[in-house]
Amino acid sequence: MRQSKKIKIKLLFMLLCFISVFSSKVAFAETYDGVRNIEKEMIIEPRGNPTKTKEMENRLKEFTSFESTGLFLYQGEELEIDVKDEPEKLEVRIGQWGGYNDVPYILNGTQTKPFTNGIFSLHKGINRVKRDESGGMVYLVNYSETRPENVTIKGGVKVPHYIEGITSTNDFETQLETYKDVPFMEMENDNVIATIRIDRAKDIFLKKGQEKVFIDTVKKVKMLSDHVAGLADDSFGVAKKSKQRIHIVNPSFGAGTLFATNYFVGLHSKTTKDRIIFASDGDTPDWGLSHEIGHIYQDNSYLWKNMKEVTVNIYADYAQKNWNSEGTGRYDAVNVSNGSRESVANYFNKLSEDPTWTFDRETLESSDYHFAVLGLYMTLPRVFGYDFYSVLSQNYRSLPENEKPKTDLEKKQMFILMTSKVAERNLLPFFDYWRFTVTDETREEMSDLNLQPLEKDIWKDILASEEDEQNGTYRISDSVGPYTVPTGDLYENASIPFEEIQKLSSYDSVFRKLYSTPIESEASLIAVSTNSFSESFDFTNNAIISVYLKNALEIQNKLDISVKITPGNSYVMAGQRGNYAAVGYDEKNKKLVALGNEKRILENLPDNKYPDIKIYNKTMDTVKKEVVGYGSSKGTDIAKELNNFPVEIGDIIELTHKEASKRVNRYKDGLLLPTTKDTYYYRIQENNWLEVDDPHNQTSLKTANSTIKVGDNWNPEDNFVSATDKEGKEVSFTEVKVEGSVDTSKAGEYTVTYSYGSMSQEAVITVKEADIENQTSIKTTNSTITVGETWNPEDNFVSATDKEG
């Protein structure tokens, strides 16, 4: 009897365990009875790579490039995707962001691997995929920046899918009632995609038009955050907004009441916050939603220790302030009840009572520091206008990579200098009042900027009375902006020779004009970056060159332009993974030009010597510079030693490269030369570097261009400067051969070629029209007449002559 009882208890325990395990995976009896998709044609927008875009826009987190298909795929079922053309990079993802418990067809568990074994690269033609681990939403991702892809999808089941501008409210309500046996609904517009659980919000979205209210509310928060970040659809360069979107998801659990992470914002169901936001009327922004979206936008350039939950509120505050005409910021005098102003007042009291208290101590030692120190950041737009962070963010993104701050201290000092530049004022008194860390070096740099002194005690504005706010007592309005972006129009088929790729003046031939939009402001080039071109040294296709511009309002922009780089007279070196460095000569500045990339020359032979470059004086008895590269060396290692190295006329460059016949491309006047030996010599001349067979041969020839007037005398010797023989001794003009002549009776440009031995140089003689003295004159005389007499203008005219007399 006891044994029978034990067996029954054991069986009951096993049954309970089975039920527990089973119920952890399935919320109810799954019937796989959704509305089947027979065939769906789609055009997949090119939304780019979210990680790359995040880095370009200097943001904390990624947006999404997901394209909603409005389909769900049951576990183990097959999906067929027909791709019309071979894509650049297109993939399908089956799954969903976030962690879920007891949601139909979704595996319970954490959000760490939401698409495990559910990510598939797609190629031209038929692609068949399935996910055996779990059911999931179906998304297509087009990582191209420019090219849309046409696809046809067969399989999966339909979910309620609202597309703003396409799906009507009545259609969406019908879908909510018709598309059953699926766990999610989806909504989307040009800024937002939302994946919402049906069990969580069906009743809310059955209310007519609520789907549009919700999706438009999220869009409005995003667009206001775009403005703070200095991003817009119709702008250019670093001010150009990407096509990527915010993805709102509705998991079962997560941090806080809402949370933001890479690729999505989670409105989880552990509290009722998700339902409150879904049901909002959109008349006022939800602070939590604005705050979490702000995390995606946070600018890394001024994000240092303990600032993550501080600077995020720059975006949330802007959304509240600018939501409508009645919007107010947290620190407006009418909002004293929220405690933010009190936090600042408490901090200011600490400053007055304790001379050792600082901004950094507040963030490290106070538990409620967030809204106290936020006051520093929010003072700037309150005082200088709400375009302040738009301009600041863009200027940060426009910094060349080597100028961007890396450490916390560098970020703090850069923030002082950058905000001062945007305000066009020395803000040191403001930062000193807040006891913000300012180094001696920063004070020196500020002095060098020679900015206008700060004319008001702007730190008082954060606690200003309503009257002071209305009167603008501490404000310096309209000093920033108006927000306008420097850009430029390019000439068609513009090109730059390799030797001039780093020179700003070379880009005058690339840009037809520079300007600012939408408001006119004079623009100019301030820097160029050739990193993209250096990745391959591709002279066949156009290269992407990053140019940095600034306008008269000190607003900067970075444009990635497409331009043809011609090889000129360059020496290009290749390793195991392609071209790694190139060398040339800039005759105007008398310096070498060298670019390199991060590729190692030959990783599998790290100790082998490959390039060995020596720079000699003209007699080759002194080595001015030697650069050696090994298999483990990077192209940048070679380039940084050679780039901008000064040379003199007559210097010899010895270029040696192991296996040069297959690893070196040499160009002369843009044409590829055969490489038949490992060592080549180049002599530095006035206008180029010339390949020489005998580097000890010091033969040289130098000429000069000139301008004369019609009727002047000209002799060939006028444009001859000097020549030397192979031993370096001076040669008289009588030993130089001259080809060409100049007709001094006719205006024009004449090219004359001078030759000595193997050397030849051209001189351009410009003949201009002779100046004619302008003999224009007019002579008049004064006169006196009596009342009633007749007068004509001609009476006082004496004579006049034209310019020729």
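**Close-up views of a predicted model**

**View 1. Lining of the second largest pocket.** Four strands each supply at least two residues of the lining of the second largest pocket: E25 (578–586), E30 (664–668), E33 (689–692) and E39 (759–768). The structure shown here and in the other views is a predicted model. Strand E39 gives the largest share of this lining, four residues. In total, 26 residues line the second largest pocket, and its volume is about 610 Å³. Asn569, Lys668, Asp669, Asn688 and Trp689 are the lining residues that lie nearest the pocket centre. By type, the lining is made up of eight nonpolar, nine polar and nine charged residues.

View 2. Glutamate 149 belongs to strand E8, which covers residues 149–154. Is glutamate 149 buried or exposed? Glutamate 149 has a relative accessible area of 1%, and buried means under 20%, so this residue counts as buried. A polar contact of 3.1 Å joins the side chain of glutamate 149 to the side chain of arginine 147. Leaving aside residues up to four places away in sequence, glutamate 149 touches Met42, Ile43, Ile44, Asp85, Glu86, Pro87, Glu88, Leu90 and Asn142.

View 3. The whole structure contains 42 aromatic pairs. One of them is formed by tyrosine 347 and tryptophan 434, which are stacked, with 5.3 Å from centre to centre and 25 degrees between the planes. Tyrosine 347 sits in helix H10 (residues 340–353), while tryptophan 434 is in the loop between helix H15 (428–433) and helix H16 (440–449). The two residues are 87 residues apart, and the pair links distant parts of the chain. Both tyrosine 347 and tryptophan 434 are buried.

**View 4. An edge-to-face aromatic pair.** The ring centres of phenylalanine 539 and tyrosine 667 are 5.4 Å apart. Why is this pair edge-to-face? The planes of the two rings stand at 70 degrees, and an angle over 60 counts as edge-to-face, so the pair falls in that class. Phenylalanine 539 is found in the loop between helix H18 (531–534) and strand E22 (543–551), and tyrosine 667 in strand E30, so the pair ties together parts that are 128 residues apart in sequence. Phenylalanine 539 is buried, as is tyrosine 667.

Terms used: Residues numbered from 1 in each chain as written. Predicted model: local features only at pLDDT ≥ 70, side-chain atom pairs only at ≥ 80, totals over all residues. Heavy atoms only, no water. Buried < 20%, exposed > 50% of the residue type's maximum accessible area, 1.4 Å probe, protein only. Polar contact = N/O pair within 3.5 Å; in protein donor to acceptor, adjacent residues only side chain to side chain. Contact = heavy atoms within 4.5 Å. 1 Å grid on protein atoms, 1.4 Å probe; cavity = no way out; pocket = protein on both sides within 12 Å on 5 of 7 lines; lining within 4 Å. Points joined across faces, edges and corners; volume = space filled by probe spheres on them. Nonpolar A, V, L, I, M, F, W, Y, C, P; charged D, E, K, R; others polar. Phe/Tyr/Trp six-rings, centres within 6.5 Å; stacked < 30°, edge-to-face > 60°.
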